[in-house]
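Walk through the model below.

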Amino acid sequence: MAVLDPALPRTRTGRIWTYVGDDEHPYTVYDYTPNRSRDGPDAFLKEFSGFLQADAYSGYDQLYKDPARDVTEVACWAHARRRFYEAQSSDLMRSTVMLAYIRLLYDVEREART
């Protein structure tokens, strides 16, 4: 997000991190940091343990690698799907098969919600 900074002749880019809870913690929290450093999510999640579904931002990697934190990565199919979609130009057959499998997973998720 654009942030006004009196010390600069232009705006700078800040970040708003969105954290969405679960059934036991039905909250959405927005946390602002002045940059994209992993320090923001690291500090916000310092007491967190459990399953964390996030995008492919490499700043989360340290959370998953530290066994003392007990954070399990839950990958995001939307981000993985994008790579298979982009791969259609270089390997149409295999990327199409993977996109079909991902579609089936989305169908299972939709059915589980009903």
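The largest pocket has 26 lining residues, and Tyr19, Val20, Gly21, Leu45 and Leu52 lie nearest its centre. Its volume is about 870 Å³. A pocket here is an open set of points on a 1 Å grid over the protein atoms alone, where a 1.4 Å probe fits, with protein on both sides within 12 Å along at least five of seven lines; lining residues have an atom within 4 Å of a point. Points are joined across faces, edges and corners, and the volume is the space filled by probe spheres set on them. Rolling a probe the size of a water molecule over the atoms shows where empty space is left.

This is a predicted model: local features need pLDDT of at least 70, side-chain atom pairs need pLDDT 80 or more, and totals for chains, interfaces and linings use all residues. Numbering starts from 1 along each chain as its sequence is written, and side-chain values use heavy atoms, without hydrogens and water.

Which strand gives the most to the lining of the largest pocket? Strand S3 does, with six residues. S3 spans 15–20, and S5 spans 50–53; each supplies at least two lining residues. Strands (E, at least two residues) and helices (H or I, at least four) are DSSP runs, numbered from the N terminus. By type, the lining holds 14 nonpolar, six polar and six charged residues. Nonpolar covers Ala, Val, Leu, Ile, Met, Phe, Trp, Tyr, Cys and Pro; charged covers Asp, Glu, Lys and Arg; the others, Gly among them, are polar.

Now the surface. Met1, Ile16, Tyr30 and Tyr32 make up a nonpolar patch with about 450 Å² of accessible area together. Such a patch joins nonpolar side chains (Val, Leu, Ile, Met, Phe, Trp, Tyr) within 5 Å, from residues with over 30% relative accessible area and no salt bridge. Areas come from the Shrake-Rupley method with a 1.4 Å probe, and for residues only the protein chains shown count as cover. Tyr32 sits in strand S4, residues 28–33. Tyr32 counts as partly exposed because its relative accessibility is 39%; the label falls between buried (under 20%) and exposed (over 50%), with a 1.4 Å probe and protein chains only.

Pro41 gives a contrasting case. Pro41 lies in helix H1, residues 39–44, and is buried at 1% relative accessibility.

Next, the backbone. Most residues other than glycine have a negative phi. Asp70 has a positive phi, near 55°. Asp70 is in the loop between helix H2 (61–65) and strand S6 (71–74).

Finally, the charges. The whole structure has six salt bridges, each a side-chain nitrogen of Lys or Arg within 4 Å of a carboxyl oxygen of Asp or Glu. One pairs Arg83 with Glu86, with 3.1 Å between the closest N and O atoms. Both are in helix H3 (residues 77–86), three residues apart, so about one helical turn separates them. Arg83 is exposed at 53%, while Glu86 is partly exposed at 43%.

Arg94 pairs with Asp91, N to O at 2.6 Å. Arg94 is exposed at 59%; Asp91 is partly exposed at 23%.

Asp107 and Arg110 meet at 3.0 Å, N to O. Helix H4 (residues 92–113) holds both, three residues and about one turn apart. Salt bridges that share partners tie Arg103, Asp107 and Arg110 into one network.

Notes: Patch = residues over 30% accessible without salt bridge, like charges linked within 9 Å, V, L, I, M, F, W, Y side chains within 5 Å.
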